[in-house]
Amino acid sequence: AIFKVGPYQTTLIPIYRMRHSGAFEPELHNSTFTSGNALSFAFFLLLLSTLYTNVSSLASSTDSSDKGGLCFQMRALHKIIPRQPAHWVGDGFNVYPVFGRHAFSESLSPWLMFDYAAPKHFPPTTAQRGVGQHPHRGFETITIAFQGEVEHGDSVGNRDVIGPQDVQWMTAGRGVIHEEFHSRNFAKTGGTFEMCQLWLNLPKKNKMAKPRYQPLLNKDITVEEIADGVKVRVIAGTVGGTTGPAKTFSPVELWDINVEKKGTKVELDVPEDHNVILFVRRGMIHVGESEVGPQSVAIMERQGGKVIFTTDERNSQILLLGGEPLNEPIAARGPFVMNTQDELRQAMVDYQTGKLGR
């Protein structure tokens, strides 16, 4: 309707009425308004417009903070994976299969599997404790030695020992045969052993890449102190102005976080749309209203650029795993991770015929 401020104004207002055919047709009806009615109606429309603007502004600022002109929405908790029963891998690694039945799922992509060996005392021995030769194809293994030493050897000539806080980042790619044990020196002396091994998927285009070995020593991993008593060892990805030394085939975050004080609120900026996983190695944290205890995992929702948690104990230690989802089929069997069942069968044939690992 068109309103005119004056004594009276008659307008034609279309009223839509459904015909028997199901179509809507306009019919014109006379409607008479006074100038007072017109002004009242205009004022009502202005009030509605103002209310909508205020509500929209409030909604856009909820659970977000303004940093450098960018809006960082806080991520919600998606799921907690409780601590899983431990089992032995070889005779040297008593591990928790951290992801449980969620391993090798798209909800964790690009991460595939996670074994954590909690601190355990081993007496001196002359035997080799660990896992003998076995093949891999189509992904990467990342081993972090927290206490003790891990010795690695593979079919393409790499042999190395990593000690406390060191990382070995092995790209199996088209195929490698390797072994991993407690180091000879550690076996002789005995002591407390703690480590973890992560499996990281490779994009389809890189699954047959040349095998590669990256020894990332503790001295080469920068620690970024993001707040008082909150220190982050940046193994991969970027925290603040620090980028980790690991070379990756897709965008990945691997951060080793240490929080000294109980009750500390930790805020971490993460890339939008990356999967983000928090593993509590030691201590306890709260994510929102949910408690996450030792050897448990918090999987975060994918939307948002900020992850927030609060420590419930002193000296809590958390691993953050993040990465851009690959959005590709996952075909996994034993030590091989490919995209199709045919590729898995070919990997087994190549291994059995001696073609894998050259």
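1. Accessible areas here come from the Shrake-Rupley method with a 1.4 Å probe. On that basis, the surface of the protein comes to about 18100 Å². Carbon and sulfur atoms hold 53% of this surface. Note that this is a predicted model.

2. Overall make-up. The protein has 30 strands and three helices. It runs to 358 residues, and 45% of them count as buried.

3. The loop between β7 (93-97) and β8 (111-122) deserves a look. Proline 110 is found in this loop. A cis peptide bond joins serine 109 to proline 110. Omega for that bond is about 10°.

4. Phenylalanine 104 also needs checking. Its place is in the loop between β7 and β8. Phi is positive, about 65°, although phenylalanine 104 is not a glycine. The cut-off for buried is under 20%, and for exposed over 50%.

5. Asparagine 315 is another backbone point. The residue sits in the loop between β27 (306-311) and β28 (316-323). Phi of asparagine 315 is near 55°, a positive value in a residue other than glycine. With a relative accessibility of 40%, asparagine 315 counts as partly exposed.

Methods
Residues numbered from 1 in each chain as written. Predicted model: local features only at pLDDT ≥ 70, side-chain atom pairs only at ≥ 80, totals over all residues. Heavy atoms only, no water. Helix = DSSP H or I, 4+ residues; strand = E, 2+ residues; numbered from the N terminus. Buried < 20%, exposed > 50% of the residue type's maximum accessible area, 1.4 Å probe, protein only.
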